[in-house]
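Here is my note on the model you asked about. Please have the coordinates open as you read.

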Amino acid sequence: MSDRHQQRQQRLKEQVDARITAATEARGILMVFTGNGKGKTTAAFGTALRACGHGKNVAAVQFIKGEWPNGERNLLEQHGVEFQVMATGFTWDTQNRETDTTACQQVWQQAKRMLADEHVDLVILDEITYMVSMDYLDLDELVRVLGQRPVQQSVIITGRGCHRTLLEMADTVTEMRPVKHAFDAGIQAQQGIDW
């Protein structure tokens with residue numbers, strides 16, 4: 001039994017080593033965290049935390065989220081992460097297309113600055129998929145800016161319903177799938193757990 005385990009582990013090691021050897025390209029990557037499940041933003045900020053821990057420069061733009069207390073922002077700003085937030089909050093609360101579009105375009109200007117800065121290693125575009133699907137932000141412009149970013153810079157896009165063009169452009173795509181959620185059972189969202 002022990003010999004069989006060792007043989008399986010050795011085969012696994014050889015497969016992993018071969019994949020590591022085959023990965024020779026060094027550049028930033030475009031990641032997309034999408035799907036109807038919870039955890040897209042949390043995954044993005046987990047990556048930001050990891051990057052900060054390795055001394056990387058991180059910047060984040062939050063579309064939709066608003067100005068209420070944000071645990072990730074509270075922590076990451078202490079480690080030099082710049083945040084730009086579309087302060088209007090959820091579009092279903094504002095219900096004003098014109099002001100939402102203007103707010104999106106204002107924060108998008110900050111995102112473009114970050115995406116052009118060779119000193120920023122990781123840019124998070126949180127909930128930007130909604131800006132594209134609601135036509136507050138032009139898809140072609142987003143694609144162009146992403147394509148012109150510094151070669152070493154990585155980007156994370158989050159949000160439901162990510163446009164097919166962005167999915168095809170991405171190097172890594174993770175889809176969050178809901179299996180069960182406490183809110184569906186009537187349990188209130190909790191500060192420090194849900195936001």
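1. Basis. This is a predicted model, in which local features need pLDDT of at least 70 and side-chain atom pairs count only at pLDDT 80 or more, while totals for chains, interfaces and linings use all residues. Residues are numbered from 1 along each chain as its sequence is written, and side-chain values use heavy atoms, with hydrogens and water left out.

2. Overall fold. The protein chain has eight helices and six strands. Helices (H or I, at least four residues) and strands (E, at least two) are DSSP runs, numbered from the N terminus. Of the 195 residues, 37% are buried, meaning under 20% relative accessible area with a 1.4 Å probe, protein chains only.

3. The sheet. Six strands make an open sheet, ordered E3-E2-E4-E5-E1-E6, with parallel pairing. Strands E3 (82–85) and E6 (172–175) stand at the edges with a single partner strand each, so one side of each lacks a neighbour in the sheet. Two strands pair if DSSP finds at least two bridges between them. E1 and E5 pair over four bridges. Met31 has Ile156 in E5 as its bridge partner.

4. A helix on the sheet. Helix H2 (residues 40–53) packs on the sheet and touches E1, E2, E3, E4 and E5. Its direction makes about 165° with that of E4. Axes are lines fitted to C-alpha atoms, for helices over the stretch in contact, and angles run from 0 to 180 degrees between N-to-C directions.

5. The cores. A nonpolar core is a set of buried Ala, Val, Leu, Ile, Met, Phe, Trp, Tyr and Cys residues joined through side-chain atoms within 4.5 Å. The largest has 31 residues; Phe63, Trp108 and Leu146 are among those with the most contacts inside it. H5 gives the most to this core, with seven residues. A second, separate core of 15 residues includes Phe45, Cys52, Val81 and Ile124.

6. Leu146. Which residues does Leu146 touch? Leaving out residues up to four places away in sequence, they are Leu30, Leu115, Leu125, Val155, Ile157, Leu166 and Met169. Contact means heavy atoms within 4.5 Å.

7. H5 against H7. These helices pack at about 25°, with axes 9 Å apart. H5 and H7 are therefore roughly parallel, a term for angles under 35 degrees. Trp108, Lys112 and Leu115 in H5 meet Glu141, Leu142, Val145 and Leu146 in H7.

Technical notes:
Buried < 20%, exposed > 50% of the residue type's maximum accessible area, 1.4 Å probe, protein only. Parallel < 35°, antiparallel > 145°, perpendicular 65-115°, else oblique.
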